[in-house]
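Please open the model in your viewer and keep the selection tool at hand.

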Amino acid sequence: MTEPRRGLWRTVRAKVVATTLAVTALGLTGAGLVTYAIQRQDLDDSIDAELTSAADQFRRTALANTDLPVDQVLRTAMQQTLPDPADGSIALVDGAPAWYAPTTVPVRLEDDAELVALLRTVPADDPVRLRTVTTTLADYRLVTVPLVVDDPAAPAGLFAVATVRDLEVASLDDTWRTYAAVAAGALLATGVVAWLLLGRVLRPVRELRDTAARIDEGTLDARVPVTTDDDVGEVGLTVNAMLDRLQASMSAQRRLLDDVGHELRTPLTIIGGHLELMDVDDPDDVRATRELALDEVDRMRLLVDDLLVLAVADREGFVQPAPTDLGVLTDEVLDKASGLGARTWRVDKRADVACLVDARRLTQAWLQLASNAVKFSAEGSTVTLGSAVAGGSLRLWVRDEGVGIPAEQQARIFERFERTAAAAGTEGAGLGLAIVAAIARAHGGRVDVSSEPGIGSTFVVTVPAVPVTDAGPDDERDERDETRGPDAPDEDAAARPTGGSDA
């Protein structure tokens, strides 16, 4: 049953987009706030610099006009002062406003009674001072410059220039609002692009999810569509490869169960039928039925053993390669095969090298081929074994002089429970060559057959020849032919393998 899908905002796509927007918004906000703080500080520094410059200019004007009365000096200074649009100026004589900025100056300090009252309280001997003054009308940054003269009877003069800080900050705030609007638009565009891009990137993941939801034991043929060559596409390819393996394994399992059911049904039927018809009062009948039942049980045991080998053939660890002297292995297999039947056994070529192979499994496959050669050849005929290493491959072969295999049947003899017409009446369930093929595949190789009816067959197992890198150099030995058999002389005899051997 398909699990219900999560809500839109609980998907990976939504979470990634939300995280991206949150990080982007945090970055834009942090950058904006830092920039705003720096610009506010620069603004204050700029205002103070302008006011300090205005105070210096007034002092220079006063020094240049020391011969003039106080009110005239203030008047001259007011005429020469050109304040910024956000600045205003005023001059006081004995605490009373005497001179004002030109009418073109928009900031009128004389209109702010609170500010004028503050200026009246500035002592005549007060030093030049920068200060911040806040009234009900505005927030000012103010510089006051008292006019000091040598004549004690002269009136006290005060020159003041103020910047309406609110106007300067308002301009900066406008810039910040513009930045905020642009950042919000950029954030929105980032969200849209991220949403669309992630939708495209995660499409294979969604298709993977949908495919997995459709797959069950009966629909293993579903596959994930792969449209990209990136990491996500590789995930789809990996899942498809896994599904291929699962489907192949499931098909093999079903085929094996069908074949096993078919093969075991016959001996079970035979045993059951004879037990039902057995005369329990007839000792001879009981003895015959017992022998028949034990024979069928032995046949089922052999079948089960072969099936167990095939069941683990595709698992890791089925073969355990180890350094193996192939010349010694060839001799050992020949010794063991000699007891399989009255045949003339010979080795026509021996690979006197060491390779990394599973000697036990290769011996099993080699002896299985030798057993088949005995089954399908006449007594006294020659069965030839051989081994060779060439071109990075190890080849092990068995050649017989038996009945041969028709060409149209050679492609099927390595399938499970597949038997040729010539195998009728012989022992076995048709699993021997399947086991040989499984052992070859487990080594990363294959098994081939070359056969001609009435002449004989040659089976060749080909696997990678992995050298033993840490082994010392083997003693050089000449390749020799060896002949053994019940009637063969105890001396070497040359033989050339045919039918696909490595001669």
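**A pair of helices**

The crossing of α9 and α10 is left-handed, a term used when the near helix is turned anticlockwise from the far one by less than a right angle, with clockwise being right-handed. This is a predicted model, in which local features need pLDDT of at least 70 and side-chain atom pairs count only at pLDDT 80 or more, while totals for chains, interfaces and linings use all residues. Residues are numbered from 1 along each chain as its sequence is written, and side-chain values use heavy atoms, leaving out hydrogens and water.

Select residues 359-375 for helix α9 and residues 432-442 for helix α10, whose axes come within 9 Å and cross at roughly 150°. The two helices are therefore roughly antiparallel to each other, the word for angles over 145 degrees. Next, show the side of α9 that makes the contact (heavy atoms within 4.5 Å), where Arg361, Leu362 and Gln364 are among the residues involved; on α10, the partners include Gly432, Leu433 and Ile435.

**A residue in the following loop**

Now select Ser377, which lies in the loop between α9 and β9 (382-390). Is Ser377 buried or exposed? Ser377 is buried, with a relative accessible area of 11%, where buried means under 20% and exposed over 50%, with partly exposed in between (1.4 Å probe, protein chains only). A polar atom of the Ser377 side chain lies 2.5 Å from the backbone oxygen of Ala373. Leaving aside neighbours within four places in sequence, Ser377 is in contact with Arg343, Val383, Glu401 and Gly402.

**The whole chain**

Finally, select the protein chain, where 37% of the 503 residues count as buried.

Key
Axes are lines fitted to C-alpha atoms, for helices over the stretch in contact, and angles run from 0 to 180 degrees between N-to-C directions. Helices (H or I, at least four residues) and strands (E, at least two) are DSSP runs, numbered from the N terminus. Angles under 35 degrees count as roughly parallel, over 145 as roughly antiparallel, 65 to 115 as roughly perpendicular and the rest as oblique. A polar contact is a pair of N or O atoms within 3.5 Å; within protein, one must be able to donate a hydrogen and the other to accept it, and residues adjacent in sequence count only if both atoms are side-chain atoms.
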